[in-house]
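Have the coordinates open and try each task before reading on.

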Amino acid sequence: MGNFRAYAAMVALFAAVLNAALVIGVFGPVSLLTGLEVIPEADAGVLLGPAMVLAATLALFAMLLSRIRIPPDEQRVAVGGALAAGVVAGVVYLVVGGLGYAWARSDPLAGFLFVGRQAALPYVFLAAAIAAVVMFLDTLVLASRVGERGRPRWPWEHDGP
């Protein structure tokens, strides 16, 4: 069980890094193709967007780590959990953006308006969808390891015919 938890924690870490990389990698081309800025407010600063992505990724990472406690024999592909992770990541993305913008402007109303404008852009939905796909893939990897002992082996490493 200890080996599985270490394995699951490492898979969660790689999945979180994959999520951040995919979000960053998708936002650029979508911005170029649609002509929409990720954060159109010039007074938001350069750190608000990365902070929003980081917060959504950390929320996903926390949800990925919560699966470590599930015993290896009970690991299943969780479509509902993946959808929930997407919703949570999207909400965290928006909330951190609203709080950060309100703090930068010293105006809580500006934070609410920022959230409303961000919710109308495709980026929050992309961040949520990517988080859902990454969570689904994580559950798929963990569920496929059920009953397996040790590291994966090449065909010539197996004993017997």
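**Exercise 1.** Find which residues ring pairs link into a cluster.

*Solution.* Start with the pairing rule: rings of Phe, Tyr and Trp (its six-membered ring) pair if their centres lie within 6.5 Å; planes under 30 degrees apart count as stacked, over 60 as edge-to-face and the rest as tilted. Ring pairs then join Phe27, Tyr93 and Tyr123 into a cluster. The model is a predicted one: local features need pLDDT of at least 70, side-chain atom pairs count only at pLDDT 80 or more, and totals for chains, interfaces and linings use all residues. Residues are numbered from 1 along each chain as its sequence is written, and side-chain values use heavy atoms, with hydrogens and water left out.

**Exercise 2.** Count the aromatic pairs, then classify Phe4 with Tyr7.

*Solution.* The rule gives 4 aromatic pairs. For Phe4 and Tyr7, the ring centres are 6.4 Å apart and the planes stand at 40 degrees, so this pair is tilted. Both belong to helix α1 (residues 2-34), 3 residues apart, or about one helical turn; helices are DSSP runs (H or I, at least four residues), numbered from the N terminus. Next comes accessibility: buried means under 20% relative accessible area, exposed over 50%, partly exposed in between (1.4 Å probe, protein chains only). Phe4 is buried at 8%, while Tyr7 is partly exposed at 26%.

**Exercise 3.** Classify the pair Tyr101 and Phe114.

*Solution.* Their ring centres are 4.8 Å apart and their planes at 20 degrees, so the pair is stacked. Tyr101 lies in helix α3 (residues 79-105) and Phe114 in helix α4 (residues 108-119), so the pair ties together parts 13 residues apart in sequence. Tyr101 is buried at 2% relative accessibility, and Phe114 is buried at 1%.

Key: Helices (H or I, at least four residues) and strands (E, at least two) are DSSP runs, numbered from the N terminus.
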